[in-house]
Amino acid sequence: MERLGTGIGWRPEIADAVERMPGIDWVETVAENVCPGHLPESLVRLRERGVTVIPHGVSLGLGGAERPDAGRLAALAERVQALGSPLVTEHIAFVRAGGPLTASPRLEAGHLLPVPRTRDALDVLCENIRIAQDALPVPLAVENIAALISWPGEEMTEGQFLYELADRTGVRLLIDVANLHTNHVNRGEDPAKALAELPLEAIAYVHVAGGFERDGVWHDSHAHPVPQPVLDVLTDLASRVSPPGVLLERDENFPEPAELERELGAIRGALEKGAGERAAAAEEAPSAERTSAQGTSPEAALKEPEASLKEGAAQTGAVTDPARQRLALAQAALLSALVAGTPVPEGFDRVRLGVQARALAGKRADVVAKVAPELPVILGSGYRRSFLAYTHGHPMTDGYRRDALDFAGYLLAEGRLEDARVRAELREWWLERSGPRPRSRRPGVRLARATRRVLLRR
């Protein structure tokens, strides 16, 4: 794979700024937010200028107990082809649980949740990744995630888990240094130890992002400046290997373009510092040792994915259904505790699970407000309070757009809206979107609809 260089996460809110920003070699876009037949004009212009665009998936749930959904894989492949991408990325996480393997309702987290670092989970993840690799037209890279909670009874460190995953499947790694810092604060894991255990030659590129600490918990917000500790982890990584690409992520609270450019400059500075440390270490090493270390560069290793994939596939046998079922039951119990208020599974930190549950509910409220911006307008200042109350007994089962409709339907059905004007506006919004097709705007049809409502009330 060719070197990517320095990139930034493309988001519609900063699209114009990204196009004008100097020194941007590539961009990454959230795959699920792109329609293959109607690419944003900004992305089209970037591609025409020769800027590489990589789709970054968030909904496959490769770490879940079920095999990857064929429809989701096909949709991801369509975006790869539409963007002409040399690579596609996803996460080492589960995003849903329940269903046939557990004989329980399917639940959606709306968030990336950590996979237990156990043999069962690793076996399932390896097979899921092999299925995804076979369905995708370009190489796949998977990202380590940030976590608020730890699974009890884990059998491997993060570095060991990622090393074995790459070794068994040949998958490339997207290393998020901000997530390594997050796990350092939240789970006491040493980023340097994780980097020392990684297969550095498998790194496809690196993510850098900001966050904030509150009450001893680090929140990977992607809405704050990149802090120095995250840059220090990046320097440590660069002192060990020259990453093919590094990308700045920002999803909310977008600053002025000049501030983003300053952050990119700080990232380049951290990389240069690490490269200097790497060069100094190479000079101090005996020549024979240097020759051995230089035998296989990360770039050379990444240019030969097919051999690695074939070797990995040979090592990875079919996963037994009992292993999937054990993982399914564990993930369903955890997710149910987080979003449905069921008892906390044994071995988990109850306080930390409470923090995670509140964070998931808050994220649901924020994302629903984005996918259905009319709801906060109709409900006014009461939107967030009403939605958070709704989440207590109503876990998400089918994505954020369905969640928005279900929330509105719940408010209407339960008679929780005292203001007649608000109730009428919300009812009209819900009717407009809950049917098989949009309601007609033609005056004659609207008059007939209103007349029918009056007659039905008599």
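In this predicted model, the axes of helix α6 (residues 177–187) and helix α8 (residues 228–240) come within 9 Å and cross at roughly 120°. The crossing of α6 past α8 is right-handed. On the α6 side, the contact is built from Val 177, Ala 178, Leu 180 and His 181. The α8 side brings in Pro 229, Val 230, Val 233, Leu 234 and Leu 237.

Now for the strands. Strand β9, which spans residues 203–208, is mostly covered, and six of its six residues come out as buried. Strand β9 has a pairing with strand β8 (residues 172–176), and this one runs in the parallel sense over four bridges. Within it, Ile 203 of β9 sits opposite Leu 173. Strand β9 also pairs with strand β12 (residues 245–248), again in the parallel sense, here over three bridges. In that case Val 208 is the residue that stands opposite Leu 248 of β12.

Another spot worth a look is Arg 364, which is part of helix α14 (residues 350–371). Is this arginine buried or exposed? Arg 364 has a relative accessibility of 4%, and because the cut-off for buried is under 20%, Arg 364 counts as buried. A polar atom of the Arg 364 side chain lies 3.0 Å from the backbone oxygen of His 394. His 394 also turns up in the list of residues that Arg 364 touches, once those up to four places away in sequence are left out. The rest of that list reads Phe 387, Tyr 390, Thr 391, Pro 395, Met 396, Tyr 400 and Asp 403.

Of the 458 residues in the protein, 51% are buried. As for how the chain meets itself, take the contacts with a separation of 6 or more: 76% of them are between residues 24 or more positions apart.

Notes. Residues numbered from 1 in each chain as written. Predicted model: local features only at pLDDT ≥ 70, side-chain atom pairs only at ≥ 80, totals over all residues. Heavy atoms only, no water. Helix = DSSP H or I, 4+ residues; strand = E, 2+ residues; numbered from the N terminus. Buried < 20%, exposed > 50% of the residue type's maximum accessible area, 1.4 Å probe, protein only. Polar contact = N/O pair within 3.5 Å; in protein donor to acceptor, adjacent residues only side chain to side chain. Contact = heavy atoms within 4.5 Å. Pairing = 2+ DSSP bridges. Axes fitted to C-alpha atoms, helices over the stretch in contact; angles between N-to-C directions. Left-handed = near helix turned anticlockwise from the far one by under 90°.
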